[in-house]
Amino acid sequence: MNKKILIVEDDEFLLGLEAKKLTMLGYVVSSAPSAEDAEMMLEKEIPDLILLDLLLPKTYGLDFLVKLKQNVKFNHVPVIVFSNVADQEEMKKAITLGASDYMIKSNFTLEEMESHIKLVLNK
Amino acid sequence: MQNDDLKNDIVSITGHELRTVMSGNKWALKMLLDHDLGGLNSEQEQLIKKSYENNETMIDLVNQLLTHKESTHETSPTANSEIIVVDLLKEIIEDFRSESFKRGIEIVFIEPDTETEKLLKLSFNPKLFKIIFQNLLSNALKYNKANGNVFITAITVPNGVQISVRDTGIGIPKDEQATMFTKFKRASNAQKSSEDGSGLGLYITSRIIAENGGIIEFESNEGVGSTFTFTLYNN
């Protein structure tokens, strides 16, 4: 079975590239441009992993992460924070809040990002 | 100071924006290079490869500038804590495992052999300690040779610790050694290599060490390798 990834990302250009690469690598990709949209999508279908940007239009990514981890319906879904916020404090906070990984976008190719997804899914 | 806070926020936000643009460039160019969108002729491939490399240089530059911002912001003594030196070194080395594997280079940590030295503590800012060691280890990997080695040692000195990072890499030409710690300096053979670099890593490293009362030195032979040794004292 192909794994389902939900990408929460508001930058269309980045989203397009992430989605294209992951689809090519055999994942079933869905996307949401905001935390609010992601919440609606989660009600319909629960993915195998969520790739979460932080600077989103309304709700901040980490606030959304808290909400996810508090909800018994979704708290088993691993979340990888994929953001260009490179602040050490935010990184620590994300991991404490239950993120499986924190990756700074510009420091990784999409192949490297996917190898982290694989690692998290195989845990 | 409020002005400093404002300046720091502006730098952080600008850094985020730059990284976002560069991430898009990096991924799009990489997809083209990997022929994800179809084949390229050799001229197209060359142009895209050059653009990709330039973009990597910019990412490196932004990372170095933001590290520098963080390090100048974090020099207050209150940020100091007790570092268990051997443990922290091991942790950082672990972070570099996949990178060293990818490059076919072995990192060998020659641990101190006495129990007292294994528990060696240093009162220092851990963030700054990390920046120093990461920069040196990263250089030792980048400017090494295929199947090369990196050897790391840690010993106690009165009131401090001395750590050395030795590589079996390209070395630094003799006539350029005196200026290696100056801003934007990259050795001529490093510039010729395929590695990207901003010329800020050693400058920042040496600044942090000097500002905290430590010492950094190196010995290098072109074509044979370099050994960087730094000494930090309890702050």
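1. Let's start in chain B: B:Lys49 and B:Glu53 form a salt bridge, with the closest N and O atoms 3.5 Å apart (a salt bridge is a side-chain nitrogen of Lys or Arg within 4 Å of a carboxyl oxygen of Asp or Glu). The two are 4 residues apart in helix α2 (residues 42-73) of chain B, so about one helical turn separates them. Helices here are DSSP runs of H or I with at least four residues, and strands are runs of E with at least two, numbered from the N terminus.

2. A note on the basis: this is a predicted model, where local features need pLDDT of at least 70, side-chain atom pairs count only at pLDDT 80 or more, and totals for chains, interfaces and linings use all residues. Residues are numbered from 1 along each chain as its sequence is written, chains are lettered from A and ligands numbered from 1 in the order in which they are written, and side-chain values use heavy atoms, leaving out hydrogens and water.

3. In chain A, the side chains of A:Lys4 and A:Glu45 meet in a salt bridge (3.3 Å, N to O). A:Lys4 lies in strand β1 and A:Glu45 in the loop between α2 and β3 of chain A, so the pair ties together parts that are 41 residues apart in sequence.

4. Over all chains, the structure holds 23 salt bridges.

5. Finally, the sheet: 5 strands of chain A form an open, parallel sheet in the order β2-β1-β3-β4-β5 (two strands pair if DSSP finds at least two bridges between them). β2 and β5 of chain A stand at the edges, each with a single partner strand, so one side of each lacks a neighbour in the sheet.
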